[in-house]
Amino acid sequence: MRVIQTGRFDRRDFLGLGVASGIAWLLARRREDGARAGEGDSAPAPDRLPAGRAKRCVVLFMDGGPSHMDTWDPKPGREFQGQTETIATRIPGVRIAAALPEMARRIGDLCIVRSMTSKEGNHSRAKYLLHAGYPPNPTVVHPAFGALVSHEVGREGFDLPNYVQINGNNGESGGYLGVAHDPFVVQDPRQPIANLASPPGVGDDRLDARLRFLERLDRGFGEARGAEVPESRQVMYGRSRRLMASPLTRAFDLSTEKPAVRERYGMDNFGQGCLMAARLLEAGVPVAEVRLNGWDTHEENWTRVPALLSQVDRGFSNLVDDLKARGLFEDTLVVWMGEFGRTPRPNERGGRDHYPRAWSMVMAGGGVVGGQVVGSTDADAAEVVDRPVTVPDLFASWAHAFGLNARKTFYAGERPITLVDKAGSPVREFFV
Amino acid sequence: MRARERFGRPAAAVAAGFLCASALAFGIVGARADEAAGPGRKDASEGMLEAQAAARAIDREVGKALEAEGLAPTGPADDAEFLRRVTLDLLGVPPTEEEVRAFLASKEPGKRAARVEELLRNPLYGDHMADLWGRLLFAGLRKYPIPEVENVFRWLAQGMNDGKGMDWLLREVVTATGNTKENPALAYTLRFRDGGIPADIGGATARLFLGVQIQCAQCHDHPYEAWKKGDFAGFAAFFNLVNPRPADPMDRKAGFVVEDPPMRTLARSKNRGGEGADIKGAARADPKFLGGAVYRDREEGSRRQALADWILARDNPWFARAMANRVWSWFFGRGIVNPVDDFRSDTPPSHPALLDTLALGFAESGWDLRFLARAVALSGTYQRTSRLPKGWQGDEAALRRFDRFYARGPVKPLSADQVFDSILRVTGMDDAFRRANRSEIERTRLFLLQQFVTQIDDDESGVAEQWAGTIPQGLLLMNGPLTQAGTRAGAQAGRGDRIGAIARENTLHRILDDTKDAAARVDRLYLTLLGRHPSEREASDAAAFAVRGRSGQGWEDLSWALLNSSEFMSNH
């Protein structure tokens, strides 16, 4: 395990730590890297990064903007820290919120990024930015990253949707990639999928008879008025019918899961969403997003954040364990993030306000090196002092993790748009 | 630079040219000259004459282009085809069985024009216009509390039914002040509350009302057009002083307040930030009209009022064209300029003289939206059949060209609102819904729309260009509660689902109860669901399909198939 907070000191610290932990293979890689770093290379060269290993991903999206100081970047002893308790991790000097004991135990799998920095400080714009990798632009709707993965990695003839969003949707879509890459939204993971079953009394035979007669009607319409309408409608009915018939939809049905497993994840919507995500990934879905609302803690920050963290701690840790147990962890990128951080200085109402200038996010699996902290903030978590990571950098890193060409150009109408904002480069520290 | 050249002529010359062109086009030179100077809505009969003249102008201009392209247009639509098309376009729902029968039976000459007038006086017209404009102006509004959403749509529908003009709508939304509880028009401003003022509201205003995509110049000088960053900042600056705030910070239900700051203090302060220092984004740039003069704050009137005056001025080269183009696209599925909200040198109008004619007629009508509706609906171009002549199937490129020149009647998908309202109407559940308590209706409506409207709700372009549907849409239409309740032949299934409880009976029940003959049943179902009689072959196919299996089930299956058909789900 290692800590990288950039600069030579940390490299030395790391080497000491590596030897102490006795992780020989990692050590070897680090030495090599250290030597290269010593030569003073600055610009990260993507071609020199190890190839990405991600084949699928889970995004745990913390809607509302989680406080970085009260989660992954606490500043114990500082005036602005408030009542947040912290616990030590196995990385010397790295503490996180005490409400994350299970995550602390799994620190070896986590890449904590404490140096996120962005400029969008209002919810809808920032959520758009963190989903699309571009700020909102009234002339074009960018696809969410999940939709890009659906487009680039997803299988066209797959029974299940390629991008599933659990616990609601905030306007994220397939954008210029089209509705075929819109997220399939599960409003409540504890409920059955809406309209997935035929009405009572309409069995498979009857449904198929209906569809055959519909096709016949539509053929007539196509002959009279052109095939464009009926053809695209047939695609929609075909995909819907295939989903209805697919045994893979079991992945959506948590009632088939052992009660003990469900309880382990937590019976709240987030915990159940994490469980559903694990099941969907195993069934072949390349992207699942699980949302957790309630992070907009302008008031009661110190009671609300720990309550939310206890859900995160259960859901996230069980997800990591399950992905490992299912042999999926190494090629599954897990992302935990919100749309921004929160002001280090508390407001008068016992809360913290929006703060995009410095914040934290976490990754695990998918070839991202765990057991490390990337970047750091100053004494009050107000400014990034080391290794700033921008949102385009983050997206470029994900593209690298998936082996996607970040410069791939799409056309929204006649307007060229690259898969990732050209301002971004993969963050070297994530991968080596 | 080309855009500047096109629109950059001295304002007077533009206005003069504008008037001339239309007077000639309408063949009403002379008598109209004096009146043209003073706006004001015409009475109905006069409006009708002008609309008929505009309809002839449409056919003349479209005809010229067809001839130049060597394309032979299709013949006229039959009465059933026309009735369904125009009813869906003006009311958002298809005609009822009784309406179809009566219209087909009528021998009255001029019955189509008469029907257009009746539809324009039907209260559902306002509802449908409210859906169309509401989606455009208040995108994302469905996230608001239900009572406020309802207020906004009711207010808009009322205005449309009262015959309020586009000048009314523009002024209401662009200059809105007061409390959201009392002024529904504030929904437009509130939509941008979350950090979108002034940039996004400025960009949206230019795009929606002027068809100018100046917001591209927010980040960079426009690559193809003359717009510079300064143009955008100047335009957005008309909204700089707008700052929606909660009426009561302690009570979220108290609504939001928007006020224009007192210009007296603002104009006096040396640093314009003085009064507005705590106003978000205040006074970073001086307001400047598009391609025009800098606006100086005055003591009387707000910046936004000055902007509305400028947009509505007769020499504004964009507003009338943009609005005429937008309304045209609702009828024909595409604009004369495409994209409908992106007028630039490389998106020239397909029928330039036609656009100018409609724009001028619209301006002269006192911005009467029904003028445009009449002009289009009465035209032979709109009344052509959408049935393809032999030989046009299969060649997509040729077909697209055929459609681009309006050689046949338009074929376009129903919007989400139209789908929802049409299903209710043809299944006979709309009455039941109206009788049910209001909040229950809104809840159900929201619940259902939510499942497939996200995409359309956020699509401000207002033209559904894609036919591709999503899986949730497919599931909803195949298995959803509306489809279930509407195609149920037996007694209520008793599952106590939300819709079933509201709609205890439906049209299918009634038809099966009243009509025992299979052929007559098929006929009625076709009239009800598709607005026409079936052909002989269709009738025998449908009857054979419906009478198979256990009693009632076949009829449910037939209704289901008709309801899900491309013919039902599109306007053609």
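Modeller: What follows concerns one helix of chain B and the contact in which its neighbours take part.

This is a predicted model, with an ipTM of 0.86 and a pTM of 0.81. Helix α29 of chain B covers residues 536-547, twelve residues in total. From its first C-alpha to its last it reaches 17 Å, close to the 16 Å expected at 1.5 Å a residue.

Four residues of α29(B) are buried, namely B:Ala542, B:Ala543, B:Phe545 and B:Ala546. Because they cover an arc of only 165 degrees around the axis, they lie on the same side of α29(B). An α-helix has 3.6 residues a turn, so residues three or four places apart point the same way. On the other side of α29(B), B:Glu536 and B:Arg537 are exposed.

The buried residues pack against α28 (518-530) and α30 (553-564) of chain B, and also against α6 of chain A. After α29(B) comes B:Gly549, with a positive phi near 70 degrees.

As for the contact between the chains, chain A gives 45 residues and chain B gives 47 residues. On the side of chain A that touches chain B, the elements giving two or more residues are α4 (123-132), α6 (204-225) and α7 (228-245). That side of chain A divides into 22 nonpolar, 13 polar and ten charged residues.

A word on confidence is in order. The mean pLDDT of chain B is 81, and 76% of its residues reach 70 or more. Over residues 1-40 of chain B, however, pLDDT stays under 50, as it does over residues 268-283 of chain B. Where pLDDT is low, the predicted coordinates should not be read in detail.

Note on methods. Residues are numbered from 1 along each chain as its sequence is written. Chains are lettered from A and ligands numbered from 1 in the order in which they are written. This is a predicted model: local features need pLDDT of at least 70, side-chain atom pairs count only at pLDDT 80 or more; totals for chains, interfaces and linings use all residues. Two residues are in contact if their C-beta atoms, placed from the backbone, lie within 7 Å. Ala, Val, Leu, Ile, Met, Phe, Trp, Tyr, Cys and Pro count as nonpolar, Asp, Glu, Lys and Arg as charged, and the others, Gly among them, as polar. pLDDT is the predictor's confidence in each residue, from 0 to 100. The expected span of a helix is 1.5 Å times one less than its number of residues. A residue is buried if 20 or more other C-beta atoms lie within 10 Å of its own, exposed if 12 or fewer, and partly exposed in between; C-beta atoms are placed from the backbone. The arc is that of the directions from the helix axis to the C-beta atoms.
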